[in-house]
Amino acid sequence: MLKVKVIKGTDLAVRDIKSSDPYVVLNLGTQTVQTSVMRSNLNPVWNEEHMLSVPEHYGQLKLKVFDHDTFSADDIMGEADIDLQSLITSAMAFGDAGMFGDMQIGKWLKSDDNALIEDSAVKIIDGKVKQMMTLKLQNVECGEIELELEWISLDH
């Protein structure tokens, strides 16, 4: 299982007259979850956790930010693809993370091919495998989203 904590957005795009009403949609395989809508806020703090089951042949976690509109279709405010391989490979290699002290066990490197603002380390923290990341939203003029991923093994 994958726990995704959508922490916050920063400097999101204006899609209404002066602001936006952003919410985040996450897709993994056939599953979709979304955050609550933050009214008139370009720097929303969600701190919302969502659980997704990771399919055997998982692809990328897809993130999209939308502006909620009451009377028309919601406008896209950017998107990003999240590579889960470093998190899952590291978590599998270490098995029971509770047996280890706090340490870094993997890393997803920033490159021109991904949305990372900086390298994203996979760490064991308090017996849990976690990965913090800040993503620059793609296909939009501005905006960043901060996430924390946590791998939850069903073996324990």
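Predicted model: local features only at pLDDT ≥ 70, side-chain atom pairs only at ≥ 80, totals over all residues.
Colleague: Let's start inside. Which residues touch the most other members of the largest nonpolar core?

Modeller: Leu61, Leu63, Ile82 and Leu135 do. The core holds 39 residues.

Colleague: Which strand gives the most to this core?

Modeller: Strand S10, residues 144–151, with 4 residues.

Colleague: Take Leu135. What does Leu135 touch, leaving out residues up to four places away in sequence?

Modeller: Among its contacts are Leu63 and Ile82. Trp108, Ala115, Leu116 and Ile117 are also on the list.

Colleague: Now the aromatic rings. What describes a pair of them?

Modeller: Two values: the distance of the centres and the angle of the planes.

Colleague: How many aromatic pairs are there here?

Modeller: The count is 2. In one, the ring centres of Tyr23 and Phe66 lie 5.7 Å apart, with the planes at 25 degrees.

Colleague: Why is that pair called stacked?

Modeller: Because planes under 30 degrees apart count as stacked, and these are at 25 degrees.

Colleague: Which residues form the edge-to-face pair?

Modeller: Phe94 and Phe100. Their centres are 5.1 Å apart, and their planes make 75 degrees. Phe94 is partly exposed, at 23% relative accessibility. Phe100 is partly exposed as well, at 32%.

Colleague: Where is Phe100 found?

Modeller: In the loop between helix H1 (85–94) and strand S7 (103–108).

Colleague: Which residues form the nonpolar patch on the surface that includes Phe100?

Modeller: Met99, Phe100 and Met103 form it. Together they have about 290 Å² of accessible area.

Colleague: On to charges. What can side chains of opposite charge do?

Modeller: They can pair when their charged atoms come close.

Colleague: How many salt bridges does a search of the whole structure find?

Modeller: It finds 6. One of them joins the side chains of Lys3 and Glu49, at 3.7 Å from N to O. Lys3 is in strand S1 (residues 2–10) and Glu49 in strand S4 (residues 45–52). The two are 46 residues apart. Glu49 is partly exposed, with 46% relative accessibility.

Colleague: Which residue forms a salt bridge with Lys3 at 3.8 Å?

Modeller: Glu150, taking the closest N and O atoms. Glu150 lies in strand S10 and Lys3 in strand S1, so this pair ties together parts 147 residues apart in sequence. Both Glu150 and Lys3 are buried.

Colleague: What links Lys3, Glu49 and Glu150?

Modeller: A network of salt bridges.

Colleague: Which residue meets Asp21 in a salt bridge?

Modeller: Arg39, at 3.7 Å from N to O. Asp21 is in the loop between S1 and S2. Arg39 is in the loop between strand S3 (31–34) and S4. They are 18 residues apart.

Colleague: Buried or exposed, Asp21 and Arg39?

Modeller: One of each. Asp21 is buried, with a relative accessible area of 10%. Arg39 is exposed, at 54%.

Colleague: What do they touch, leaving out residues up to four places away in sequence?

Modeller: Ser120 touches Lys107, Trp108, Gln131, Met132 and Met133. Ser86 touches Lys107, Trp108, Val122 and Gln131.

Terms used
Residues numbered from 1 in each chain as written. Heavy atoms only, no water. Core = buried A, V, L, I, M, F, W, Y, C linked by side-chain atoms within 4.5 Å. Buried < 20%, exposed > 50% of the residue type's maximum accessible area, 1.4 Å probe, protein only. Contact = heavy atoms within 4.5 Å. Patch = residues over 30% accessible without salt bridge, like charges linked within 9 Å, V, L, I, M, F, W, Y side chains within 5 Å. Areas by Shrake-Rupley, 256 points an atom, 1.4 Å probe, with all protein chains shown as cover. Salt bridge = Lys/Arg side-chain N within 4 Å of Asp/Glu carboxyl O. Phe/Tyr/Trp six-rings, centres within 6.5 Å; stacked < 30°, edge-to-face > 60°.
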